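Please keep the sequence and the structure in view while reading.

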Amino acid sequence: MSPVRGIVLDMEGVLHVDWQPIDGSPEAVEALAGAGIELAVLTNTTGRTRSAIAERLAAIGFEFAPARIVTAASAAAEHLRRSHAGKRVYALVEEGATGDLDGIELTEHPADAEVVLLGGPDQTWTYGRLNAVFRVLLEGAPLVAMQRNRWWPTADGPSLDAGMFVAGLEYAASVTAAVIGKPSPAIYRTACELLGVRAEEAMMVGDDPESDLAPAAGIGMRTCLVRTGKGSSFGEADVDLDLPELAALPAALGGLASA
């Protein structure tokens, strides 16, 4: 078995919950980096740019350069530039996500759109806006979703994520969304390329065995489930490591390497 040369970390539920650092996680990241392991953050967060995320992480004890952060928004922008170049895009996204949509022609009017981009839900997702998107999809515009998570943990408890909206629009308009963030295998490959390691030399650490870890295993990455965040809500999981929190990972990697 190849040694782990790179680790890709989910953010929410692994490093922090609602921007409160999980005990021991900053120290674990420092220890892993000190051991010479390449690190990156992979997140379906859609409301902040990579630079804003790096600043927010630094404020709670994590040092990551923006270039070491892969977001669903940055990956969606790359997908639009590659697959829908020159097309007008109606982006139903949080305001903070537009900073990573460089080079994308955005329109404020759904009726003018040639492509619909769905990000993370917020209070602006009214019936009127969703219905306008539905009508554009009926006319043939493709649907691109940054992610389709079911829910996410906050300090106040579980909160609905984009998945129900993506599924609802797919059902109503009889379309299939191109999902760019996790669990799309492509975004895991992007993270490995960023680290300069092969998938077989990388490990994905997440709190969701379905949306974080199964796709990573599918491309050959090793997997570590932490029982913080959403992790405590799952039963037995088919992963390489099953740990109570990220703080246990540095010591556990020694056992994995010798297995």
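Two strands are said to pair if DSSP finds at least two bridges between them. In this predicted model, strand E6 (residues 88-92) and E8 pair in the parallel sense over 4 bridges, and within that pairing Leu 92 stands opposite Leu 118 in E8. Strands of a sheet pair through backbone hydrogen bonds, either parallel or antiparallel. Here the pairing is parallel, in an open sheet of 5 strands with the order E7-E6-E8-E9-E12. Its edge strands, each of which pairs on one side only, are strand E7 (105-106) and strand E12 (178-179).

**Helix H5 and its cover**

Which residues of H5 are buried? They are Gly 163, Val 166, Leu 169, Glu 170 and Ala 173. Seen down the axis of H5, these buried residues fall within an arc of 140°, so they line one face of the helix. An α-helix has 3.6 residues a turn, so residues three or four places apart point the same way. The cover over the buried residues of H5 includes E8 and H4, together with strand E9 (143-145). After H5 comes Ser 174, whose phi is positive, near 55°.

**Aromatic rings**

Across the whole structure, a search finds 1 aromatic pair. Elsewhere, the ring of Trp 151 has the charged end of Lys 230 sitting over it, 5.5 Å from the ring centre.

**Cysteines**

How many disulfides does the model contain? The count comes to 0. A disulfide would need two cysteine sulfur atoms within 2.5 Å, but the sulfur of Cys 192 is 15 Å from the closest cysteine sulfur, in Cys 224, and therefore too far for a bond. Cys 224 is likewise in no disulfide, its nearest cysteine sulfur being that of Cys 192.

| Residue | Relative accessible area | Class |
|---|---|---|
| Cys 192 | 4% | buried |
| Cys 224 | 0% | buried |

Notes
Residues numbered from 1 in each chain as written. Predicted model: local features only at pLDDT ≥ 70, side-chain atom pairs only at ≥ 80, totals over all residues. Heavy atoms only, no water. Buried < 20%, exposed > 50% of the residue type's maximum accessible area, 1.4 Å probe, protein only. Phe/Tyr/Trp six-rings, centres within 6.5 Å; stacked < 30°, edge-to-face > 60°. Lys NZ or Arg CZ within 6 Å of the ring centre and 35° of its normal. Helix = DSSP H or I, 4+ residues; strand = E, 2+ residues; numbered from the N terminus. Arc of directions from axis to C-beta. Contact = heavy atoms within 4.5 Å.
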